[in-house]
Amino acid sequence: MKTPMTRSTKWFYGICGGLSILAILFGSIMAYTGASHKQAQAQQETQLKKTQANVATSRFEQQRPLYSQTEKKLDTFMSAFFNYDNQQGYDHRRKGTKKVVSQSVYDDKKLFKEDKYNKTKQLGLQSTFVKNQIVPTKINDSQLEATIYTTQKLNYEDEEGKDTVKVFKITYDGQTDKLSKIEQQGVFEMAIDSTISFD
């Protein structure tokens with residue numbers, strides 16, 4: 001036989017039940033608020049990193065505009081010079097460099113050697129420009145001289161080849177905004193004993 005609940009007992013259970021519901025609601029609100037706060041904090045940190053990166057890039061551009069411009073011109077030049085997958089592409093490399101080089105570089109027959117015997121076609125030669133590494137040797141307000149290590153990937157008749165590193169001496173002229181000198185030195189080779197040579 002059930003003992004009838006007194007008014008005070010009902011009141012007690014009612015308060016406990018109400019407090020339990022409030023506790024659950026409060027806990028849910030706190031959890032949601034905490035998650036939202038963490039998300040907002042993560043977004044702020046990401047935005048801050050982006051802003052800092054942009055500021056760092058901006059400062060670099062301001063401090064070394066010659067270097068930055070040299071990089072851009074070299075990427076354009078080397079892309080035109082080393083990206084070809086057939087004889088026609090090889091023969092027309094020079095045209096792709098016209099906007100970034102001086103007239104003397106554009107007319108340099110030693111740099112733009114003719115493929116008289118169509119070796120590119122015979123060997124099924126394909127070339128891809130990979131990257132430049134710039135080592136400045138002299139810099140002033142309007143001119144930068146550097147040694148460039150350019151990585152080129154070569155394939156023969158659709159057979160994957162290996163990367164080679166070509167070495168160039170270059171001069172970038174800030175007044176004309178062009179590469180005024182480009183001399184190919186050879187292929188970079190490092191022996192087991194760490195001696196360096198250019199073939």
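Start by selecting Thr-171, which is buried, with a relative accessible area of 8% (buried means under 20% relative accessible area, with a 1.4 Å probe and protein chains only). This residue lies in strand E3, residues 159-173 (strands, at least two residues, and helices, H or I with at least four, are DSSP runs numbered from the N terminus). Now show the neighbours of Thr-171: leaving out residues up to four places away in sequence, it touches Gln-143, Leu-144, Glu-145, Lys-178, Leu-179, Ser-180 and Lys-181, where contact means heavy atoms within 4.5 Å.

A word on what is on screen: this is a predicted model, in which local features need pLDDT of at least 70 and side-chain atom pairs count only at pLDDT 80 or more, while totals for chains, interfaces and linings use all residues. Residues are numbered from 1 along each chain as its sequence is written, and side-chain values use heavy atoms, with hydrogens and water left out.

Next, the aromatic rings. The structure holds 7 aromatic pairs; rings of Phe, Tyr and Trp (its six-membered ring) pair if their centres lie within 6.5 Å, and planes under 30 degrees apart count as stacked, over 60 as edge-to-face and the rest as tilted. Select Phe-82 and Phe-168 to see an edge-to-face pair, 6.1 Å centre to centre with 75° between the planes. This pair links distant parts of the chain, as Phe-82 is in helix H2 (residues 65-82) and Phe-168 in strand E3, 86 residues apart. Both of these Phe residues, Phe-82 and Phe-168, are buried.

Move on to Tyr-90. The charged end of Arg-93 sits over the ring of Tyr-90, 4.0 Å from its centre; this asks for NZ of Lys or CZ of Arg within 6 Å of the ring centre and within 35 degrees of the ring normal. Arg-94 has its charged end over the ring of Tyr-106, 4.2 Å from the centre.

Now colour strands E1 (residues 125-139) and E2 (residues 143-156), which pair in the antiparallel sense over 13 bridges; strands pair if DSSP finds at least two bridges between them. A hairpin of 3 residues joins E1 to E2. Pick Phe-129 and look across to its bridge partner in E2, Gln-152.

Technical notes:
Buried means under 20% relative accessible area, exposed over 50%, partly exposed in between (1.4 Å probe, protein chains only).
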